Amino acid sequence: MKARHIAVAVIISALMSPAGYCAGPQKKSAHKPAQQVEWVSIPGGRFTMGTNDFYDAKPAHTVTIETFQMSKTPVTVGQYAKCVVKGRCTAPDALSDCNWGKTGRQNHPINCVDWDQADRYAKFMDARLPSEAEWEYAATSGGREQKYPWGNEAPASDLAVIDTSGTMAVCSKPKGNTAQGLCDMSGNVEQWVQDVYKDSYDDAPVNGGAYEGACSVRGGEGTCNARIIRGGAFSIVDFRLRADNRDTAGPDSRRADIGFRLAR
């Protein structure tokens, strides 16, 4: 146990170093210091959420969103490390595909964190995870009738971090930003949101809030415990990059293709 604590301390020290890079022989100029969370204001409005294109995104329904703020980027390794340093968050997994403890990835999205870790970090920041409705509204540049954050143009490597073997630094593809300036709403990592998964929008909140009822999938209520993830990820090139696509994962999942962003 003592050795484990020492190993975590070494990782944190490297991530939090003034130069913002991990220990080892490398050029200091190749890495930028971890940035503070930057907030973007998302003006409220009404929009049509959902689509008939996906079985679990029906029915399309009108949702009213109040003005809120969302973090410009997914939470980065360097940002998350500050919470670990203070003892308020636990370390992510550090397997081969994870960004935690890897050289030069302090500005990559934190990944390999489960839903509870994401929620704990949000509370550390006096913030929260966005609701699924807020996420979709923001991903469509404030409820516009478009399929992707950048519009209706098909996904391409100059618009999103896609069709790669791993993540890239946040905001590496500014051409794919939303009209309000949000980065990586499609590609790089999928993102935890607040909602419990329900396989339709029947009885979904219409006030922009999160659904916190019983998880349901085809086959009956209470047969799952999945949470919603949104946005597609670095390895994806298909429909899952759409702003209205829904995906799920168990709340204890710590996958390399899942991260999160904040709202308040």
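Q: If a salt bridge is a side-chain nitrogen of Lys or Arg within 4 Å of a carboxyl oxygen of Asp or Glu, how many salt bridges does the count come to?

A: By this rule the count is 14 salt bridges. This is a predicted model, in which local features need pLDDT of at least 70 and side-chain atom pairs count only at pLDDT 80 or more, while totals for chains, interfaces and linings use all residues. Residues are numbered from 1 along each chain as its sequence is written, and side-chain values use heavy atoms, with hydrogens and water left out.

Q: OK, which residue does Arg230 meet in a salt bridge?

A: Arg230 meets Glu136, with 2.7 Å from N to O. The two partners come from distant parts of the chain, 94 residues apart, with Arg230 in strand 8 (residues 227-230) and Glu136 in helix 4 (residues 132-139). Helices (H or I, at least four residues) and strands (E, at least two) are DSSP runs, numbered from the N terminus.

Q: And are Arg230 and Glu136 buried or exposed?

A: Both Arg230 and Glu136 are buried, where buried means under 20% relative accessible area, exposed over 50% and partly exposed in between, computed with a 1.4 Å probe on protein chains only.

Q: What about Asp114, which residue does it form a salt bridge with?

A: Asp114 pairs with Arg254, and their closest N and O atoms are 3.2 Å apart. Asp114 sits in the loop between helix 2 and helix 3 (115-124), and Arg254 in the loop between strand 9 (247-249) and strand 10 (258-260), so this pair ties together parts that are 140 residues apart in sequence. Asp114 is buried at 9% relative accessible area, whereas Arg254 is partly exposed at 30%.

Q: Which residue does Asp257 form a salt bridge with, and which residues are joined into one network?

A: Asp257 forms a salt bridge with Arg255, with the closest N and O atoms 2.9 Å apart. Through salt bridges that share partners, Glu132, Glu136, Arg230 and Arg246 are joined into one network.

Q: Switching to the inside: which residues touch the most other members of the largest nonpolar core?

A: A nonpolar core is a set of buried Ala, Val, Leu, Ile, Met, Phe, Trp, Tyr and Cys residues joined through side-chain atoms within 4.5 Å. The largest one has 28 residues, and Ile42, Ile65, Phe68, Met70, Leu182 and Met185 touch the most other members. At least two residues each are supplied by strand 1 (39-42), strand 2 (45-49), strand 3 (61-65), strand 4, helix 4 and strand 5 (190-196), and the largest share, 5 residues, comes from helix 4.

Q: So what is Met185 in contact with, leaving aside neighbours within four places in sequence?

A: Taking contact as heavy atoms within 4.5 Å, Met185 is in contact with residues including Met70, Trp135, Ala138, Gln191 and Arg261. There is also a second, separate core of 25 residues, with Trp115, Ala118, Tyr121 and Ala127 among them.

Q: Sheets next: in what order do the 4 strands form an open sheet?

A: The order is 9-8-5-10, with mixed pairing, and two strands pair if DSSP finds at least two bridges between them. Strand 9 and strand 10 stand at the edges with a single partner strand each, so one side of each has no neighbour in the sheet. Strand 5 and strand 8 pair in the antiparallel sense over 3 bridges, and Gln191 stands opposite Arg230 in strand 8. Helix 3 packs on this sheet and touches strand 5, strand 8 and strand 10, its direction making about 85° with that of strand 5.

Q: Last one, at what angle do helix 2 and helix 3 pack?

A: They pack at about 80°, with their axes 10 Å apart; axes are lines fitted to C-alpha atoms, for helices over the stretch in contact, and angles run from 0 to 180 degrees between N-to-C directions. Helix 2 and helix 3 are therefore roughly perpendicular, given that angles under 35 degrees count as roughly parallel, over 145 as roughly antiparallel, 65 to 115 as roughly perpendicular and the rest as oblique. Gln79, Tyr80, Lys82 and Cys83 in helix 2 meet Gln117, Tyr121 and Phe124 in helix 3.
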